[in-house]
Amino acid sequence: MELGMIGLGRMGGNMTIRLVRGGHHVVGQARRPELVAAAVSAGARGAATVGELVRMLAPPRVVWLMLPAGDPTESTLTELGGLLAPGDLLVDGGNSYYKDSIRHAEAAATKGIHFVDVGTSGGIWGLKEGYSMMVGGDPADVDRLSPALRTLAPSPEEGWGRVGGHGAGHFVKMVHNGIEYGLMQAYAEGFAILDAKKEYGIDLAEAARIWQKGSVIRSWLLDLTADALKDRAALDHIAPYVQDSGEGRWTVLESLDLNVAAPVITLALERRIRSREADPLVEKLLSAMRQEFGGHAIKSE
């Protein structure tokens, strides 16, 4: 199949290279010329603009976007809406909000353009391990895209699948990332408790190594944590500042809309937000209130 790949970032570039190795014809485009050059060196054809990419693909076209959610995806989809023809297929493989994907599918349909949303997990390890892909869209469109999905997945029949109609792929990926927040927080808190037991002098890397085999809590995420703990000194240079890319927030909001309690995911999100407060007012007010009503001592900075 012919495939146009827009947004050759760290994940998108790897996906392109994997597709080229799988024997598919790929045209790649990105804002950064060096990313296009890297894809070309792997066997793809390069395009300088979105318009050129569309012209280089034989209809009916398949164009896969790997762009950040929000304006980059919105503006590119708008541009493609004026360039593609009825029967072409648009694929959003980024982390878009699922309600936006429903809207994008509806807008594409008015022009006869098909749309599939692919929630993609795997990050920088995807090229080596394969990508987990949660797919939303019409069955016929997913079937049309299946050669690419089978090539990119860990194996042709594993790690990918259609989970529902338009928006379902990004909805499942959203919840996937919410779960990820909770798992990461649990691992981090557990190792912090181990580290706080100073009289034992527990080797955190060794504890992680033991847990990797046979333990109920073994996982790929634990494997990555174990690698991070091998160089404990490197952690001393990392600021306790944790970003979030949005999916955890969307998951929490969805849990409220659905009346489904999600305290672990919610607290994990709140901890990330708290990590970014350089001068937190909350604890200062708590200390001040204790002094006001009980005369308790306060600690000055």
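## Helix H13

On helix H13, the face turned away from the buried side carries Pro263, Val264 and Leu267, which are exposed (over 50% relative accessible area with a 1.4 Å probe, protein chains only; buried is under 20%). The model is predicted, with local features needing pLDDT of at least 70 and side-chain atom pairs counting only at pLDDT 80 or more, while totals for chains, interfaces and linings use all residues. Residues are numbered from 1 along each chain as its sequence is written, and side-chain values use heavy atoms, leaving out hydrogens and water.

H13, a DSSP run (H or I, at least four residues), covers residues 263-275 and reaches 18 Å from its first C-alpha to its last, close to the 18 Å expected at 1.5 Å a residue, the expected span being 1.5 Å times one less than the number of residues. Ile265, Thr266, Ala268, Leu269 and Arg272 are buried in H13, and seen down the helix axis these buried residues fall within an arc of 165°, so they line one face of H13. Helix H8 (168-196) and helix H12 (247-258) are among what covers the buried residues of H13.

## The cavity

The count comes to 1 cavity of 30 Å³ or more, where a cavity is a set of points on a 1 Å grid over the protein atoms alone at which a 1.4 Å probe fits but cannot get out. The largest cavity holds about 30 Å³ of space, and its lining residues (an atom within 4 Å of a point) are Ala69, Gly70, Thr73, Glu74, Ser96, Tyr97, Asp100 and His104. Helix H4 (71-81) and helix H5 (98-109) are the elements that give two or more residues to this lining.

Terms used: 1 Å grid on protein atoms, 1.4 Å probe; cavity = no way out; pocket = protein on both sides within 12 Å on 5 of 7 lines; lining within 4 Å. Points joined across faces, edges and corners; volume = space filled by probe spheres on them. Arc of directions from axis to C-beta. Contact = heavy atoms within 4.5 Å.
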